[in-house]
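Dear colleague,

Please find below the structure that I am handing over to you. My notes on what was found in it follow directly after.

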Amino acid sequence: LYLHRTVDQFKGAFARANVTAKDGFSVLSMFSALYSDTKVCQSSETPLECEYRLNKPIVAFVSLGTNWQPGVTEKFEKNLRNIVEFWIDHGVVPVLMTKADDVEGDNTLNQSIAQIAYDYDVPLLNSWLAVQYLPNHGLQEDGIYLTPDAWDVRTYTALVTLDTLWTAFQALGAP
């Protein structure tokens, strides 16, 4: 029940399409105008630039990595840092989210995500931990995609995180 105030505050954001959230997007996609939605983005805009121009968010949930190729963690880290810096430079609080899968086999991407959140002192939502209690750790049989129950957990924990941030913003005097 306490989350209703946050749902009401951000209700427009829940219904809109996000130009940075598409199947197959990676940390690299965020910086290429080739991946921008030509219906709403300007011709030279990257998905990140377009999202910022269209919506001027105060919080950006950053959930990437499932489509990343194992063995190239350094490129992932560099580009994720660039995403975090983009949002910070634009006055947006990035919330980094770990991923539920471990397609790389040694959890290096989640470790990188956590380290980057620590390095930039930005919120981390540990989606991996949140779904561990579910059957197959919230993953379908393929070990990559979330089950419907895991999506529910992910959505709920993101809403709780947004509520926590919104409460903090209000305490700091945000309108």
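I begin with a detail of the loops. N136 is found in the loop between α6 (127-130) and α7 (148-171). Please bear in mind throughout that this is a predicted model. The phi angle of N136 is near 55 degrees, a positive value in a residue other than glycine. With a relative accessible area of 39%, N136 is partly exposed. H137 also has its place in the loop between α6 and α7. Although H137 is not a glycine, its phi is positive, at about 55 degrees. Its relative accessible area is 40%, so H137 counts as partly exposed.

Next comes the sheet. In which order do the three strands lie? They form an open sheet in the order β1-β2-β3, and the pairing is parallel. The edge strands are β1 and β3 (124-125), each of which pairs on one side only. As background, strands of a sheet pair through backbone hydrogen bonds, either parallel or antiparallel.

The individual pairings can be followed residue by residue. β1 and β2 pair in the parallel sense over four bridges, and the bridge partner of A60 in β2 is P94. Strand β2 (residues 93-97) pairs with β3, again in the parallel sense, over two bridges. Here M97 has L125 of β3 as its bridge partner.

α4 touches β1 and β2, and its direction makes about 150 degrees with that of β2. α5 touches β2 and β3, and its direction makes about 155 degrees with that of β2. Is β2 itself enclosed or open to the outside? Four of the five residues of β2 are buried, so this strand is largely enclosed by the rest of the structure.

In soluble globular proteins, nonpolar side chains tend to be buried together. The largest nonpolar core in this model has 20 residues, of which V62, L80, I83, W87 and L96 touch the most other members. β1 (59-62), α4 (73-89) and α5 (108-120) each supply at least two residues of this core. Which of the elements gives the most to the core? It is α4, with six residues. A second, separate core consists of ten residues, including V59, V95, M97 and A158.

Leaving aside residues up to four places away in sequence, L80 touches V27, V62, L96, I113 and I116. Two of these contacts, V62 and L96, are named with L80 among the core residues that touch the most other members.

Finally, there is a helix pair to examine. The axes of helix α3 (residues 47-55) and α4 come within 11 Å and cross at roughly 25 degrees. An angle under 35 degrees counts as roughly parallel, and α3 is therefore roughly parallel to α4. The crossing of these two helices, α3 and α4, is right-handed. Which residues make the contact? On the α3 side they are L48, E49, E51 and Y52, and on the α4 side they are I83, F86 and W87.

Yours sincerely,
A colleague

Terms used. Residues numbered from 1 in each chain as written. Predicted model: local features only at pLDDT ≥ 70, side-chain atom pairs only at ≥ 80, totals over all residues. Heavy atoms only, no water. Core = buried A, V, L, I, M, F, W, Y, C linked by side-chain atoms within 4.5 Å. Buried < 20%, exposed > 50% of the residue type's maximum accessible area, 1.4 Å probe, protein only. Contact = heavy atoms within 4.5 Å. Pairing = 2+ DSSP bridges. Axes fitted to C-alpha atoms, helices over the stretch in contact; angles between N-to-C directions. Parallel < 35°, antiparallel > 145°, perpendicular 65-115°, else oblique. Left-handed = near helix turned anticlockwise from the far one by under 90°.
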